[in-house]
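Hi everyone, thanks for coming. Have a look at the structure first.

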Amino acid sequence: MTSPPETLYASEDLALRAVLAQLAQHAYHFTTVTPATHERVRARTAKRWAKNLSDVFGWSCHFEPAMLPPGMFEAMQMARIAVQEEQGWKSTVRVSTLNGIYFLHSAYPTLANDAVFFGPDTYRYVAAIEKHLQTSAHHIRRVVDIGCGAGPGAITIARQLPDAEVLAVDINDTALAYTRLNADNAGAINVIAKHSNLLHDVEGHFDLIVANPPYLLDPKQRAYRHGGGELGAGLSLDIVEAAGQRLADGGTLVLYTGAAIVAGIDPFLNTASARLNELGLHWSYREVDPDVFGEELAYPAYAHADRIAAVVLSATRPRH
């Protein structure tokens with residue numbers, strides 16, 4: 001006689017872990033694309049219904065429970081990540097892979113205000129962090145990831161620096177819940193997920209501050225997407241200011257963000273560089289992708305923008 005699901009899993013977290021374990025057993029892999037690409041792929045007839053695990057947990061297709069491995073649908077129900085819609089069953093989460101790690105985040109489409117973002121920016125963000133760690137890991141003891149989302153930045157650092165204290169802060173409690181589970185599943189036991197608006201609710205100074213904030217102007221002002229300020233740069237500039245006050249001697253801010261370019265000029269760089277110079281920080285700035293989210297240029301907020309570039313700003317407080 002088969003035990004009911006509630007006796008198999010003591011909590012929703014355990015059920016989620018069971019789903020992730022089954023995905024690992026089946027060598028699951030999924031690379032998350034931009035929303036525009038996701039929409040185009042989903043529009044294909046072949047993607048209307050799930051045929052494999054990537055369709056269920058990556059492309060967010062509707063599925064029939066019978067196509068899942070034995071026990072997975074029951075675990076999904078216990079974890080409350082399986083919902084029945086008019087078209088069929090659907091997972092409320094996606095699972096993306098990055099450096100061999102599974103990351104739970106929000107299903108497509110990410111319409112809710114508390115949606116947890118993961119996408120191509122995430123891969124570039126982690127690459128920027130890894131590049132910094134190649135030359136600076138030896139002196140890092142205290143780290144904070146501002147706006148941690150699903151936790152890829154914090155978890156990447158924690159796995160490379162197991163003796164460091166790594167804080168993952170966000171204003172989104174759903175993001176913090178995913179970060180805790182993702183960190184535990186990745187064996188990143190030194191990640192501490194904590195609710196904080198920027199650095200207002202954490203104390204002390206940091207050897208490394210990292211952030212991948214939202215940088216678009218979202219008409220609905222959804223927290224995971226809306227950067228505010230001029231052309232979406234508001235939150236990124238707030239992070240520059242907060243980091244400038246909380247970097248330890250020799251500490252570095254690694255900020256991955258987007259910059260709208262207007263008539264060949266980068267307003268974010270102009271404003272940020274002036275403030276960094278006032279703060280006495282040494283900094284560098286580079287474009288890592290000259291053209292991202294081009295579809296946003298169709299909206300009135302970007303009527304005068306040439307393009308949106310993905311950029312990395314690194315700023316270091318000199319040692320005294």
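This is a predicted model: local features need pLDDT of at least 70, side-chain atom pairs count only at pLDDT 80 or more; totals for chains, interfaces and linings use all residues.

Residues are numbered from 1 along each chain as its sequence is written, and side-chain values use heavy atoms, with hydrogens and water left out.

So, salt bridges. I count one when a side-chain nitrogen of Lys or Arg is within 4 Å of a carboxyl oxygen of Asp or Glu. By that rule we get 12 salt bridges.

Which residues are linked in a network? They are Asp 218, Arg 222, Arg 225 and Glu 296. Let's start at Asp 218, which counts as buried because its relative accessibility is 3%. Asp 218 pairs with Arg 222, closest N and O atoms 2.8 Å apart, and Arg 222 is buried too. Asp 218 also meets Arg 225, at 3.5 Å from N to O.

Moving on, Arg 225 has a salt bridge to Glu 296 as well, at 2.6 Å, N to O. Arg 225 sits in the loop between β8 (206-211) and α9 (234-246), and Glu 296 in the loop between β10 (282-289) and β11 (307-316), so this pair ties together parts 71 residues apart in sequence. Helices (H or I, at least four residues) and strands (E, at least two) are DSSP runs, numbered from the N terminus. And buried or exposed? Both Arg 225 and Glu 296 are buried.

Conventions:
Buried means under 20% relative accessible area, exposed over 50%, partly exposed in between (1.4 Å probe, protein chains only).
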